[in-house]
Structure formats: C-alpha cells, structure tokens
Amino acid sequence: INDARAFIKKIKRDAKGAYPKLITKLLINPTKKEVLKAFSNLSHQILPTDAFVFYAATHGEVTDDRYWLITKEFSGSLTEDCALTSDEIMELMKRLPAQRQVMILDTCHAGAVDWTLADLYQSRLMAFSMGSGIHVLSAASSFELANEGYEGHGHFTYFVLKALDGDADANDDKKITVMEMSPYVKLKVEKVTKGAQRPITI
C-alpha cells in the first residue's frame with residue numbers, strides 16, 4: 001500500500017504542467033471485478049493522444065505459460081477467478097485508446113508478462129520510433145522474487161521513485177524517460193540485492 005500511495009503521489013506532482021488533465025485511480029487490495037471495472041471506466045475517458053500508466057505492487061505468480069497478477073480473492077489456489085492473467089492484462093491495455101502506455105509491475109515473477117506481450121502487442125512495440133507504443137518495467141525476471149523492505153518500500157519501487165526524482169536524468173534535460181529509468185533502476189536494484197533481483201524492461 002505504501003508503494004502505491006508513494007507512486008501515485010509522485011505522478012500527481014510530476015504531471016502538473018505537463019498534461020492539462022490528470023486522471024488517477026488508486027485501488028487498495030482490489031478484487032478482480034474492481035480492477036476490470038476500473039479499466040472499463042478509463043477506456044471511456046482516455047483519448048489516443050493521452051499517456052497511460054499502470055502501476056501494480058502486489059503478489060505475482062508464474063506457471064508454465066503465463067504470468068498471474070493476484071487479486072483479493074486469492075486463497076491459495078491459482079485460478080482465473082482470483083487473478084488477472086498476462087493475457088487478460090494485455091487485452092485490457094489494448095482496449096485503452098492511449099497510444100503511449102507504461103506498465104510498471106512490482107511483483108514477483110513480473111518478467112513473465114513478456115511471454116504474452118511479444119504476441120499481443122507487436123504492432124505497438126513497432127511504434128516506439130513514432131513516440132507511441134508500450135513499455136513494461138518489471139521488478140524481477142520470470143523466476144525471481146521481488147524483494148521488500150528497502151527504505152520503507154520494495155527495492156524496485158524505491159528506485160523507480162528515485163528515478164522519477166531526477167536521479168535517472170542521464171542527459172540533464174529535467175525530463176525522465178523510460179529509456180533513462182530502465183538502466184538506472186536495473187543497476188541499482190541488482191546492486192542492493194547482490195544480483196538476486198534483476199528488473200527487466202520490455
């Protein structure tokens with residue numbers, strides 16, 4: 001909860017002046033139905049020229065062929081009633097009109113989402129050079145855990161916040177891009193976890 005609150009506070013602060021309107025939605029331990037409803041509502045508010053950021057700090061699991069983002073209903077058995085699969089997440093993102101999207105996943109095994117991303121989002125991946133597309137920042141690889149308890153945050157989120165504070169501004173232009181954030185966060189997290197956690201950017 002602390003990670004999510006800190007991230008949304010940072011976004012609200014940094015987006016001032018950059019965008020004429022900012023829409024935020026904070027879900028605390030949501031059910032799957034609540035997540036689906038939030039995406040549905042946003043799909044009617046977002047324009048193609050908008051930028052969309054999806055941040056999740058929760059539990060993640062992986063099976064042989066998919067990544068699972070755990071929701072409130074989870075009680076030990078992994079089913080589609082208690083989690084969003086990587087396929088579902090990508091379909092939800094695809095339905096949003098925004099051509100610029102960033103997904104930030106601070107969960108265990110988050111790197112596994114790329115198994116679905118490559119197939120479903122190839123067209124938007126090809127659009128990076130035109131200033132659109134989707135970037136995914138994952139806290140850990142497919143088979144790694146996302147560590148908690150670093151300066152009051154998860155290791156990954158802590159350095160995402162530091163990056164947004166300006167620490168990742170490699171060219172000193174007062175702007176933080178995903179391409180600047182990614183290597184900064186990866187380097188810092190790998191260092192403090194001694195290589196046990198390796199963030200991935202897709």
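The following legends describe close-up views of a predicted model.

Because the model is predicted, local features need pLDDT of at least 70 and side-chain atom pairs count only at pLDDT 80 or more, while totals for chains, interfaces and linings use all residues. Residues are numbered from 1 along each chain as its sequence is written, and side-chain values use heavy atoms, with hydrogens and water left out.

**View A. The largest nonpolar core has 23 residues.** A nonpolar core is a set of buried Ala, Val, Leu, Ile, Met, Phe, Trp, Tyr and Cys residues joined through side-chain atoms within 4.5 Å. Buried denotes under 20% relative accessible area, exposed over 50%, and partly exposed the range in between (1.4 Å probe, protein chains only). The residues with the most contacts inside this core are Phe39, Phe52, Phe54, Tyr67, Met93, Met103 and Leu105. At least two core residues come from each of helix H2 (32-43), strand E1 (51-57), strand E3 (67-70), helix H3 (86-94), strand E5 (100-106) and strand E6 (133-138). Helix H3 gives the most, with four residues. Helices (H or I, at least four residues) and strands (E, at least two) are DSSP runs, numbered from the N terminus.

**View B. Another core, of 22 residues, lies apart from the largest one.** Its members include Phe7, Phe156, Leu161 and Ala168.

**View C. Tyr150, Tyr158, Phe159 and Tyr184 form one aromatic cluster.** Seven aromatic pairs are found in a search of the whole structure. Rings of Phe, Tyr and Trp (its six-membered ring) pair if their centres lie within 6.5 Å; planes under 30 degrees apart count as stacked, over 60 as edge-to-face and the rest as tilted. The ring centres of tyrosine 158 and phenylalanine 159 are 4.9 Å apart with planes at 85°, so this pair is edge-to-face. Phenylalanine 159 and tyrosine 184 are likewise edge-to-face, because their centres are 6.4 Å apart and their planes stand at 70°. Phenylalanine 159 belongs to helix H6 (residues 155-167) and tyrosine 184 to helix H7 (residues 178-192), so the pair ties together parts that are 25 residues apart in sequence. Phenylalanine 159 is buried at 6% relative accessibility, and tyrosine 184 is buried at 13%.
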